[in-house]
Amino acid sequence: MTLHFFDTATVAATPWRNGGGTTRELACFPAGAAMDNFAWRISIADIAADGPFSAFPGVDRVITLLDGDGVRLSTADGQLDHRLDTPLAPFAFAGEAPIVSTLLGGHTRDFNVMTRRQGWQAEVSILRSAATLAACDGGLLYACGGSWAVNDTAALQAGQGAYWTARAVCVALAPASPDAALIAVRLIRVAGASA
């Protein structure tokens, strides 16, 4: 398994077309895929204004509040109405849902996972103690607090992470500080999906 490391302090922010925020892409598969043909994509978004979420038909999404007061996610028909105001509490929803986000206070920062439904599934976990991730077809680790040891070799500090895009048997994770918190994403290829 080859780990690709990143530090969010050096990941370029891309402004949204509607001017309501910015996105930092942490990993995308296949590499270099556009927004209409990725298999999976993981990013951090900074939301600075109220506005609609972009629609992604056929995509499943998981959003996790990292910093700030959070946002209310709602649809006009009332089928979805969720306050994303608890840090490190993943919330899953369908990418085609016509969601409008409303800030609950000031600027907010979120961790986002998107998977193309026909080919991939994502499992998003919040870790605060040692754990071993089960085998998966891709994945990403993001240290949102403290420091972490990965497979007894690499170390991640807050704001840093690593991802892999090929089958991994298992990944051993251990916190190296008392304030440690980590988002672990397992990406699983749906049975029968093309490589």
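Q: Is Trp-40 buried or exposed?
A: Buried means under 20% relative accessible area, exposed over 50% and partly exposed in between, with a 1.4 Å probe and protein chains only. Trp-40 has 1% relative accessibility, so this residue counts as buried. The model is predicted: local features need pLDDT of at least 70, side-chain atom pairs count only at pLDDT 80 or more, and totals for chains, interfaces and linings use all residues. Residues are numbered from 1 along each chain as its sequence is written, and side-chain values use heavy atoms, with hydrogens and water left out.

Q: How many aromatic pairs are found in the whole structure?
A: A pair of aromatic rings is described by the distance of the centres and the angle of the planes. Rings of Phe, Tyr and Trp (its six-membered ring) pair if their centres lie within 6.5 Å; planes under 30 degrees apart are stacked, over 60 edge-to-face, the rest tilted. The search finds 6 pairs. One of them joins Phe-29 and Trp-40, stacked at 5.9 Å centre to centre with 15 degrees between the planes. Phe-29 belongs to strand β3 (residues 21-29) and Trp-40 to strand β4 (residues 40-47), so the pair ties together parts 11 residues apart in sequence. Phe-91 and Phe-93 are also stacked, because their centres are 6.0 Å apart and their planes meet at 25 degrees. Phe-91 is buried at 17% relative accessible area, and Phe-93 is buried at 8%.

Q: Which residues form one aromatic cluster with Trp-40?
A: Phe-29 and Trp-120 do.

Q: How many disulfides does the search find?
A: A disulfide is a pair of cysteine sulfur atoms within 2.5 Å. Here there are 0. The sulfur of Cys-28 is 17 Å from the closest cysteine sulfur, that of Cys-136, so the two are too far apart for a bond. Cys-136 is in no disulfide either, with its nearest cysteine sulfur, in Cys-170, 9.7 Å away. Cys-28 is buried at 9% relative accessibility, and Cys-136 is buried at 0%.

Q: What is the strand order in the open sheet of 4 strands?
A: Strands of a sheet pair through backbone hydrogen bonds, either parallel or antiparallel. Strands are DSSP runs of E, at least two residues, numbered from the N terminus, and two strands pair if DSSP finds at least two bridges between them. The order is β13-β18-β15-β16, with antiparallel pairing. β13 (131-133) and β16 (154-157) are the edge strands, each pairing on one side only.

Q: Where in β16 is the bridge partner of Trp-148?
A: The partner is Leu-156. Strand β15 (residues 147-150) pairs with β16 over 4 bridges in the antiparallel sense.
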